[in-house]
Amino acid sequence: MINRLLVANRGEIARRVFATCRTLGIGTVAVHSDADADAPFVAEADQAVHLPGNTPAETYLRIDLILDAARRASADAVHPGYGFLAENAEFATAVTDAGLTWVGPPSKAIAAMGDKMEAKALLAEAGVPMLPTWTDADDITGFPVLVKASAGGGGRGMRVVRDAAELAEAVASARREAASAFGDGTVFIERYVERGRHVEVQILGDSHGTVVALGERDCSIQRRHQKIVEEAPAVLPDGLRERLHEAAVAAGRAVGYVGAGTVEFLLAPDGDFHFLEMNTRLQVEHPVTEAVTGLDLVRLQILVAEGEPLPLATTPPTEGHAIEARLCAEDPAQGYRPATGTLRRFAVPGVAGEFSPTRGLRLDSGVVDGSTVGVHYDSMLAKLVAWGPTRAEAARTLAGALARAEFHGVTTNRDLLVRVLRSREFAAADVDTGFLERHPEVFEPLLPADQLPLVALAGALASAAGRRASASVLAGLPSGWRNVPAFPQVTRFTGPDGEIEARYRLDRRGALAEWSLPEGDPTPAVSVVEAAPDRVVLDVDGVRRAFRVHRVGSEVFVDGPDGAASLTELPRLPLPTAELAAGSLVAPLPGAVTRVHVTVGQRVAAGDLLLTLEAMKLEHPVLAPTDGVVAELPVPAGGQVDTGAVLAVVNPEEDPR
């Protein structure tokens with residue numbers, strides 16, 4: 001029996017495992033880096049052991065430090081979570097050699113599936129269908145192809161290549177990213193299937209020879225080959241579900257699988273399916289399977305690790321439908337690059353439960369109000385899961401909860417998720433891995449641009465109400481009221497599309513006497529129904545609209561019926577600031593310059609790759625904005641930079657005319 005369990009992971013997965021441990025009466029141990037010292041998962045553990053450093057290589061990837069932490073905390077078992085060391089056969093062996101219980105599959109199975117080429121060969125012998133695969137680029141018989149990391153998953157080190165001329169750089173880039181994420185830069189190449197669907201089967205095995213399929217999940221909605229929306233069960237033609245389950249169970253039996261794992265397949269438009277990979281761990285998206293089966297997969301993992309037989313021998317029945325959305329710290333204005341910052345508010349309405357099988361709305365999050373989102377780890381903040389009697393109800397519930405949630409201080413992909421869930425194509429289950437490329441409209445923000453003036457007005461009125469509430473002189477007068485009505489009150493903000501003004505005038509009763517939009521736009525009739533520091537209600541052409549307002553310093557977060565906006569109130573008398581040199585390219589987020597591809601004085605064309613910046617486990621290319629000459633490269637390869645640091649200066653080429 002396991003008495004005290006160490007989780008060799010962080011964030012929401014550590015909290016997820018701890019939740020089940022509490023129900024089973026098992027003590028918990030967290031390990032944490034410097035950056036995670038104040039993280040929620042550390043506070044929730046019964047004990048926590050500090051791992052000096054910040055990067056994964058310094059902390060969560062150090063087998064020796066993890067085992068020492070288990071010894072110091074008197075843990076008798078280790079759960080690897082997912083990511084980091086979860087699919088590391090050496091780690092599994094080291095845990096068992098140390099006399100600890102390993103809550104995961106045998107190291108032999110991890111090793112066999114960890115080398116994806118070896119896995120393909122082994123499972124092909126078991127009759128599992130495969131895609132054409134190559135390790136030598138000279139053997140490729142046609143394009144497009146997909147370059148993939150042999151170790152790890154999560155879309156890291158994956159590149160689609162449609163032309164032979166692009167192959168060498170794609171392979172080199174994939175190797176660098178795979179080495180950074182998994183410590184292994186080995187890659188291979190396989191045929192890329194256009195409009196394929198990514199469907200995976202959850203399996204569970206025990207040490208008594210039983211391997212069971214617990215149903216399947218559709219994970220086709222992906223960006224940069226990383227899943228963002230998953231659902232269970234998948235919408236499949238008659239007969240295909242049973243064939244997928246049989247292939248997944250055959251794969252598990254072929255490697256003597258014990259514990260929770262996932263066999264991933266690619267469904268081609270013609271109805272054929274092909275093996276992609278087997279993940280020898282719990283998956284990020286396991287909550288949708290828990291929602292429709294009612295099973296606690298972490299509990300089953302622990303029981304199997306203790307030597308107990310599975311309490312089921314066949315695929316369990318499912319009820320209803322569940323959809324999961326991955327909320328990530330990303331900046332839509334920067335091409336959905338990972339974002340950093342401090343979460344001023346993290347609130348989701350209507351949550352029925354956290355970190356355990358739940359009917360209704362479930363939230364698994366690694367962050368809370370005040371959490372700092374840094375550059376060292378993955379950008380995922382939380383998973384929100386909705387269960388409903390039907391697929392349509394689950395999608396509507398999830399979209400509504402996301403739309404009403406308050407995510408303040410860090411930009412996220414919330415609007416993208418809502419638009420996907422509300423799209424006609426998603427409602428019709430017309431999805432595949434190229435969904436986002438074919439539907440650029442889902443990248444539009446929820447808040448229409450023509451609503452920004454109203455949002456700014458609401459923010460200005462709330463700020464004025466806050467100042468008036470704290471006033472000690474003439475507190476009875478409306479904020480901004482003047483004897484001379486020719487001069488309106490003006491509050492300036494920076495918003496999602498640049499600077500915006502709220503220009504208005506209140507009468508002596510505090511009513512809105514007038515307000516105006518930018519010149520040339522029709523101004524709707526607006527009256528103030530309520531104006532408090534945290535809530536503003538406006539009557540707009542006879543329709544009342546309520547805005548929730550949250551202010552932190554100069555930051556003003558406004559959530560309204562049509563969407564949310566983050567505004568920064570500008571000072572009335574701004575201090576002078578230094579100007580950047582023309583042609584300067586600045587870091588969009590903190591990170592490390594991994595490669596510099598040009599030299600000072602080199603002539604470049606618009607779109608040429610200047611350097612690569614690595615942050616939050618991803619590579620970000622920095623491209624020349626125009627034709628010109630490289631004038632400065634202030635940061636060498638290997639240099640660390642903060643947001644806003646100048647990475648390069650390109651002097652634009654003068655027009656010869």
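## A covered helix

In helix α12, the residues R414, D415, L416, L417, V418, V420 and L421 are buried, where buried means under 20% relative accessible area, exposed over 50% and partly exposed in between, with a 1.4 Å probe and protein chains only. Helix α12 spans residues 414-422 and is mostly covered, as seven of its nine residues are buried. Helices (H or I, at least four residues) and strands (E, at least two) are DSSP runs, numbered from the N terminus.

The model is predicted: local features need pLDDT of at least 70, side-chain atom pairs count only at pLDDT 80 or more, and totals for chains, interfaces and linings use all residues. Residues are numbered from 1 along each chain as its sequence is written, and side-chain values use heavy atoms, with hydrogens and water left out.

## The parallel sheet

Five strands form an open sheet in the order β3-β2-β1-β4-β5, with parallel pairing; two strands pair if DSSP finds at least two bridges between them. The edge strands, each pairing on one side only, are β3 (47-50) and β5 (101-102).

Strand β1 (residues 4-7) pairs with strand β4 (residues 77-79) in the parallel sense over three bridges. L6 stands opposite V78 in β4.

## Two packed helices

Helix α4 (residues 89-97) packs against helix α5 (residues 107-114) at an angle of about 175°, with the axes 8 Å apart. Axes are lines fitted to C-alpha atoms, for helices over the stretch in contact, and angles run from 0 to 180 degrees between N-to-C directions. Helix α4 is therefore roughly antiparallel to α5, a term for angles over 145 degrees.

The contact (heavy atoms within 4.5 Å) involves A89, A92 and T93 of α4, together with S107, I110 and A111 of α5.

## Aromatic pairs

Rings of Phe, Tyr and Trp (its six-membered ring) pair if their centres lie within 6.5 Å; planes under 30 degrees apart count as stacked, over 60 as edge-to-face and the rest as tilted. By this rule there are six aromatic pairs. The rings of F91 and W102 have centres 5.5 Å apart and planes at 90°, so this pair is edge-to-face. The pair links distant parts of the chain, with F91 in helix α4 and W102 in strand β5, 11 residues apart. Both F91 and W102 are buried.

The rings of F346 and F407 have centres 5.2 Å apart and planes at 35°, so this pair is tilted. F346 is buried, with a relative accessible area of 12%, and F407 counts as buried at 10% relative accessibility.

Notes. Angles under 35 degrees count as roughly parallel, over 145 as roughly antiparallel, 65 to 115 as roughly perpendicular and the rest as oblique.
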